[in-house]
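Welcome, and thank you for taking a look. Please open the sequence and the 3D view side by side, and let us walk through them together.

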Amino acid sequence: MTNLALVNLDDLKVLMSEQAIPNEVWGTKQAAKFLEISLSTCKKEAAEGNIPAVKIGADWKFSSIALFEHVAKRKQS
């Protein structure tokens, strides 16, 4: 038996990306490398709320999936 479901293409892309990219917690260095920006720009953008991040103590932490979704949304704009 085959089950069929109607899904939004964008939702399907996100679901597939979540399965392809493990959800990891990255530091600023990893996030900056992924985004192809400098460490200082990464920290500035996180502080301004332009990229998804959480500040823990003096360090910024980033979800790999949240950054992937952020980049994907920006490419659609």
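**How the helices meet**

Let us begin with a pair of helices: α2 and α3 pack at an angle of about 100°, and their axes are 9 Å apart. An angle from 65 to 115 degrees counts as roughly perpendicular, and α2 and α3 are therefore roughly perpendicular to each other. On the α2 side the contact is made by T28, K29, A31 and A32, and on the α3 side by L39, C42 and K43. Sorted by class, this contact of α2 with α3 has 4 nonpolar, 1 polar and 2 charged residues. Please keep in mind that what you see is a predicted model.

With that pair in view, here is the wider plan. The chain has 4 helices and 3 strands, and from the N terminus on the elements run α-β-α-α-β-β-α. Of the 77 residues in the chain, 21% are buried. Now consider contacts in the chain between residues at least 6 apart in sequence: 53% of them join residues at least 24 apart.

Helix α2 has another partner. Two packed helices are described by the angle between their axes and the distance between the axes. For α2 (residues 28-35) and α4 (residues 64-76), the angle is about 25° and the axes are 11 Å apart. Angles under 35 degrees count as roughly parallel, and α2 and α4 are therefore roughly parallel to each other. The crossing in which α2 passes α4 is right-handed. Here α2 contributes A31, F34 and L35 to the contact, while α4 contributes L67, F68 and V71. By class, the contact of α2 with α4 has 6 nonpolar residues, with no polar and no charged ones.

Which residues make up the largest nonpolar core? There are 10 in all: W26, A31, A32, L35, C42, A46, I51, W60, F62 and L67. At least two residues of this core come from each of α2, α3 (39-47) and β3 (59-63). Helix α2 gives the most, with 3 residues.

Setting aside residues up to four places away in sequence, C42 touches T28, A31, A32, I37, I51 and F62. The other stop is I51, which lies in the loop between α3 and β2. Is I51 buried or exposed? With a relative accessible area of 8%, which is under the 20% cut-off, I51 is buried. Its contacts, again not counting residues up to four places away in sequence, are L35, C42, E45, A46, F62, L67 and H70. One of these, L67, is 16 residues from I51 along the chain, and the C-alpha atoms of the two are separated by 7.3 Å.

At 33% relative accessibility, N50 counts as partly exposed. N50 touches E45 and H70, leaving out residues up to four places away in sequence. N50 and H70 are 20 residues apart along the chain, with 9.4 Å between their C-alpha atoms.

Back in helix α2 you will find T28. T28 counts as buried, at 13% relative accessibility. Not counting residues up to four places away in sequence, T28 touches L39, C42, K43, W60 and F62.

Next, follow the chain to the loop between α2 and α3, where E36 has its place. At 72% relative accessibility, which is over the 50% cut-off, E36 counts as exposed. Why look at its backbone? Most residues other than glycine have a negative phi. E36 has a positive phi of about 60° although it is not a glycine.

Our last stop is D10, in helix α1 (residues 9-20). D10 is partly exposed, with a relative accessible area of 37%.

Notes: Residues are numbered from 1 along each chain as its sequence is written. This is a predicted model: local features need pLDDT of at least 70, side-chain atom pairs count only at pLDDT 80 or more; totals for chains, interfaces and linings use all residues. Side-chain values use heavy atoms; hydrogens and water are left out. Axes are lines fitted to C-alpha atoms, for helices over the stretch in contact, and angles run from 0 to 180 degrees between N-to-C directions. Angles under 35 degrees count as roughly parallel, over 145 as roughly antiparallel, 65 to 115 as roughly perpendicular and the rest as oblique. A crossing is left-handed if the near helix is turned anticlockwise from the far one by less than a right angle, and right-handed if clockwise. Contact means heavy atoms within 4.5 Å. Ala, Val, Leu, Ile, Met, Phe, Trp, Tyr, Cys and Pro count as nonpolar, Asp, Glu, Lys and Arg as charged, and the others, Gly among them, as polar. A nonpolar core is a set of buried Ala, Val, Leu, Ile, Met, Phe, Trp, Tyr and Cys residues joined through side-chain atoms within 4.5 Å. Buried means under 20% relative accessible area, exposed over 50%, partly exposed in between (1.4 Å probe, protein chains only).
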